Amino acid sequence: MYVNIFLFVILFFSTSIFLFKIFGQNGLQITNFLFSFLIIFELCIRIANSEVLKIWLADLDKSLRLLVMFVIGLNLEYFFTRLTHQIIHSQGL
């Protein structure tokens with residue numbers, strides 16, 4: 001497990017540096033979007049398949065629970081992307 005996290009962090013930093021050198025500020029935003037989307041989407045899928053959500057939304061089918069969590073994940077992604085945009089521009093990179 002720790003090896004996967006370590007590889008993910010190394011991949012994130014190397015991709016960030018590579019895209020920053022090519023695209024500047026936009027490269028950091030692209031990297032942030034891609035990696036945070038992967039993390040948030042995986043988290044939303046795990047939550048959609050959890051027993052607590054199955055009990056809470058018992059009348060919904062699995063595909064509808066996934067759709068609800070996907071929409072919540074997109075909203076979270078938008079928030080984090082806007083936050084990253086503000087942080088990058090406030091640093092003057």
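This note comments on a nonpolar surface patch and a nonpolar core in a predicted model.

1. Basis. Residues are numbered from 1 along each chain as its sequence is written, and side-chain values use heavy atoms, with hydrogens and water left out. In this predicted model, local features need pLDDT of at least 70 and side-chain atom pairs count only at pLDDT 80 or more, while totals for chains, interfaces and linings use all residues.

2. Surface patch. Phe-41, Ile-45, Leu-64, Leu-67, Phe-70, Val-71 and Leu-74 form a nonpolar patch of about 540 Å². Areas follow the Shrake-Rupley method with a 1.4 Å probe, and for residues only the protein chains shown count as cover.

3. Two or more patch residues come from each of α2 (25–48) and α4 (62–91), and α4 supplies the largest share, five residues. Helices are DSSP runs (H or I, at least four residues), numbered from the N terminus.

4. Phe-70. This residue of helix α4 is partly exposed because its relative accessibility is 31%, between the limits for buried (under 20%) and exposed (over 50%). Beyond residues up to four places away in sequence, Phe-70 touches Phe-37 and Phe-41 (heavy atoms within 4.5 Å).

5. Core. The largest nonpolar core comprises six residues: Ile-40, Cys-44, Ala-48, Leu-53, Leu-57 and Met-69. Such a core joins buried Ala, Val, Leu, Ile, Met, Phe, Trp, Tyr and Cys residues through side-chain atoms within 4.5 Å. Helix α2 gives the most, three residues.

Methods. Patch = residues over 30% accessible without salt bridge, like charges linked within 9 Å, V, L, I, M, F, W, Y side chains within 5 Å. Salt bridge = Lys/Arg side-chain N within 4 Å of Asp/Glu carboxyl O. Buried < 20%, exposed > 50% of the residue type's maximum accessible area, 1.4 Å probe, protein only.
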